[in-house]
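Here's a quick walk through one protein model, with the cut-offs spelled out as they come up. Have a look at the coordinates first.

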Amino acid sequence: MKREFIIGIDLGGTNCRLALVDEGGQVLDGRRFSSRGYERGRDLIERLVSECRNLIEGADNQGARVSAVGAGVPGLVDAQGQVVTAPNLGFLNGIPFAQDLAERLKLPVAAMNDANAIAWGEKIWGAGKDLHSSLTVTLGTGVGGGLILADRLWIGVDGSAGEFGHINVEPEGPPCGCGSRGCLEQYSSATGILRSVRAALGAGQASCLAKLEPEALTSAEVGRAARNEDALAVEVLQDAGRRLGQALAGVANLLNLDGVVICGGVAESLDLLLPSLQEELFRRAFERPARRLQIVAGTLGDNAGILGAALFGSKPDVVWAA
Ligand SMILES: [Zn+2]
């Protein structure tokens, strides 16, 4: 019997990555291209079709076949794989993404929200394996969330569930891209952390980070500075952890989950966020659900989205039907 691969697509607001994935969760033959600058959704679909065909040909040369395609898309995706809205890739709004790709490739295609793809990847092949009910939080440019309830994905009635990053943590805080203000994303994403650092530097607070060129200031640099006991960096990361704990206390009380999987670039500084996160969680949540909530770092790194999308492509029947 021919070896089977699935194509996993991780479509981001800046780059698109796609790869062949084998049945054991190995990522092979990855490709990347810029997802910016397309005027029409169909043009991006065309590019994806040709990239997928290259991967299919590559699989064929190895005596293998591609059986399905799964994609994670940064936006609201309905149960049929249609993009309802994609704030950073507006040209995809209203595009029947999965259907279009399936017709062109003559393969089954499933599409889901990118944060849900990460959650599903970590659930099956990563840090969420032993957690029946969990929230996967991605701390990157924004704060993404994917909710697993009793071993299945809960995407909500309209597919919009799991928006953990837009839980309010400061009623009159900075305006957020979602239209609200003071969302968790404004404090605990990489962008939020850098905004806090810049604000403190602008207010004249001393820090080794002041010496960096603006473009060299990253959340990884903030983590490094905090490990060297830079007071400003420590303070900003503690605040990011505290806000996370504040939001997670509500989640723990509402859902009584087994755990939280923290992914994304900022997760490299998880140990620096954890003390204030835990303190805030226990201060605010009921004791039982707070104790139950394991907080672990994701283990799949940058591949979580591709792996989760591939898993979803091969077996889309993992979502709680609303
Ligand atoms: Zn928001």
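Which residues of α5 are buried?

## Helix α5

They are Ala 190, Gly 192, Ile 193, Leu 194, Ser 196, Val 197 and Ala 200, where buried means under 20% relative accessible area, exposed over 50% and partly exposed in between (1.4 Å probe, protein chains only). Their cover includes α4, α6 and α7, with contact taken as heavy atoms within 4.5 Å. Helices (H or I, at least four residues) and strands (E, at least two) are DSSP runs, numbered from the N terminus.

α5 itself has 13 residues and spans 18 Å from first to last C-alpha, close to the 18 Å expected at 1.5 Å a residue; the expected span is 1.5 Å times one less than the number of residues. After α5 comes Gly 204, with a positive phi near 90°.

## Ground rules

This is a predicted model: local features need pLDDT of at least 70, side-chain atom pairs count only at pLDDT 80 or more, and totals for chains, interfaces and linings use all residues. Residues are numbered from 1 along each chain as its sequence is written, and side-chain values use heavy atoms, with hydrogens and water left out.

## The zinc site

The zinc ion's protein donors are His 166 (ND1), Cys 176 (SG), Cys 178 (SG) and Cys 183 (SG), at 2.0 to 2.3 Å. Donors here are N, O and S atoms within 2.8 Å of the metal (3.2 Å for Na, K and Ca); water is not among the atoms, so sites may look incomplete. Along the chain, the spacing reads H-x9-C-x1-C-x4-C.

The donor angles around the zinc ion run from 104 to 119°, so the arrangement is tetrahedral; for four donors, that label requires all angles between 85 and 135 degrees. His 166 is partly exposed at 26% relative accessible area, and Cys 178 is also partly exposed, at 43%.

## Two nonpolar cores

The largest nonpolar core has 43 residues, and those with the most contacts inside it are Val 137, Phe 164, Val 222 and Leu 281. A core is a set of buried Ala, Val, Leu, Ile, Met, Phe, Trp, Tyr and Cys residues joined through side-chain atoms within 4.5 Å. Its largest share, eleven residues, comes from α7.

A second, separate core of 35 residues includes Phe 33, Val 49, Val 66 and Val 83.

Terms used. Tetrahedral: all angles 85-135°; square planar, octahedral: opposite > 155°, others 65-115°.
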